[in-house]
Amino acid sequence: MTDDTGQGRSWHDMGGEDAGEIARGEHDFALWEKRVDALMRLTSAKGYFTVDGLRRAIEDMGEDAFETMSYYERWIASITRNLVESGAFSTEELNARMEKVAARGPTYGEAQGAGE
Amino acid sequence: MPHDHDHDDPFHHEGMSSSGHPYRPDNDQPLTYWQQMEIAVRELLVEKGITTAAEINAQIVLMDARSPAQGAAVVARAWDDPAFKARLLADGSAAMAELGIDPDGLKLVVVENTAGVHNVVVCTLCSCYPRNLLGLPPDWYKSRAYRSRTVKEPRAVLREFGLEVPEDVRVQVHDSTADMRYLVLPRRPEGTEGWDAEALAGIVTRDCMIGVAIPQLP
Amino acid sequence: MTVLPELTPPPFDPPYPTRGARFAPGEAVRVKPGAAPGHIRTPWYLRGRTGRVERICGDFANPEELAYHRDGRPERAVYRVRFTMEEVWGEAAERAGDTVDAEIFEHWLEAADAP
């Protein structure tokens, strides 16, 4: 039997933990969230990483990320990490592009590139 | 002129959705770090020829088309057709494909509620869900509270959802830990004899197929 | 004390291929009590617990390898294993005879009567 101190247990492995009432609020997904979801399905289907790679990077982000970031924020962070790991693009390229995106304007709509 | 870049986009939304839930603020809100990353990653992937804008849009259209209505159609058919039900329990993905719903890699296991068993589905390790049948999972399914408690005190969880499972009924929890995804086949309520498929599907909600509710007559 | 569920395996074969699974439906199996770090799909609350194989799901690539850009091969048998709430939670169980099923990869299982 695994010892009960929880040593070796990862934060995401939460079955049986004490927790409060289930918050039942729901929301529909924003366009940027749907895009993140689509990017996951496309890049994993093309062999850049797997759903287990997605989960692993989210697990490694730690419990704070679970508490403070939204679901698709964690996903894009993990997708990006996996894509860098598999060589789809470099962190250098990503950094340069993120700067360029932010320079276009202060809202999600304005930050889109040409052709959007 | 701010924020109109997505104007011709089929996914540009205003106000509340047809399901009555608010859309998360999007185009007009200050750009977040993670949105900035999403735009950058998407552009890099397109520029490198790994994907295209059209492919991304097609994926969004595909996922938007997946909804609990698809699952309800499967359940309604199973209620009306014992041979289909047998095939559904033996191979959920093949049976949904029979109805023209593409499993697209989903490995569906259907678990049947009976007089003696009530099934409920959870994923304690992340938030595995039969997305290719039911669409994206509700927020509560991904919450710490639901993921933590359902395997230990399912009856208390179900009570919060308004469902009291009798003591002589066994609660059967399914933790989706690996490659299968689970759909609960609810019991057909008495008083629905002679109903057509559409009427039957109309009482099968998403929550019934997760197992936190049972079909109610209108 | 181990508390096993009563169980009738479903009357059909798994729709996904298996190349010789070590355990059979209905057989009592124990989840290994491992605590290694990494990406693991065997939930903590089941480690060291004994249940019965409800069905064989098929052979699947090892998620512990897939998570790190490896191919996860050879594929391993995945089992649907059923546990009683009493076995998992002891006296803290909400109702002893309720059950929980989870999918467990073969390399996390051993025969219940193994030393």
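The largest cavity in this predicted model has a volume of about 90 Å³. Of its 15 lining residues, those closest to its centre are A90(B), V109(B), M180(B), P15(C) and R55(C). On a 1 Å grid over the protein atoms alone, a cavity is a set of points where a 1.4 Å probe fits but cannot get out, and a lining residue has an atom within 4 Å of a point. The volume is the space filled by probe spheres set on the points, with grid points joined across faces, edges and corners. Rolling a probe the size of a water molecule over the atoms shows where empty space is left.

At least two lining residues of the largest cavity come from each of helix 4 (82-90) and strand 1 (108-112) of chain B and strand 2 (50-60) of chain C. Helices (H or I, at least four residues) and strands (E, at least two) are DSSP runs, numbered from the N terminus. By class, the cavity lining has 12 nonpolar residues, one polar and two charged. Here Ala, Val, Leu, Ile, Met, Phe, Trp, Tyr, Cys and Pro count as nonpolar, Asp, Glu, Lys and Arg as charged, and the others, Gly among them, as polar.

Residues are numbered from 1 along each chain as its sequence is written, and chains are lettered from A and ligands numbered from 1 in the order in which they are written. Local features need pLDDT of at least 70, side-chain atom pairs count only at pLDDT 80 or more, totals for chains, interfaces and linings use all residues, and side-chain values use heavy atoms, with hydrogens and water left out.

The next feature is a pocket, an open set of points with protein on both sides within 12 Å along at least five of seven lines. The largest pocket has a volume of about 1,400 Å³. Its lining consists of 48 residues, and M40(A), T50(A), V51(A), R55(A) and R181(B) lie nearest its centre. Helix 2 of chain A gives the most to this lining, with six residues. The pocket lining divides into 23 nonpolar, 10 polar and 15 charged residues.

The chains also meet one another. Between chain B and chain A, the contact (heavy atoms within 4.5 Å) takes 69 residues from chain B and 66 residues from chain A. The area buried there is about 6,500 Å², of which carbon and sulfur atoms give 59%; buried area is the accessible area (1.4 Å probe) that two parts lose on being put together, summed over both. These two chains share 10 salt bridges, each a side-chain nitrogen of Lys or Arg within 4 Å of a carboxyl oxygen of Asp or Glu. E47(B) and R97(A) form a salt bridge in which the closest N and O atoms are 2.7 Å apart. On the side of chain B that touches chain A, helix 1 (33-47), helix 2 (53-65), helix 7 (144-149) and helix 8 (154-160) of chain B each give two or more residues. Helix 1 of chain B provides the largest share of that side, 14 residues.

Chain B also touches chain C, where 34 residues of chain B are in contact with 27 residues of chain C. Chain C and chain B bury about 2,500 Å² between them, 50% of it on carbon and sulfur atoms. In chain C, R41(C), E94(C) and E103(C) lose the most area to chain B, together 26% of what that side buries. The count between these chains is two salt bridges. R155(B) forms a salt bridge with D98(C), with 2.7 Å between the closest N and O atoms.
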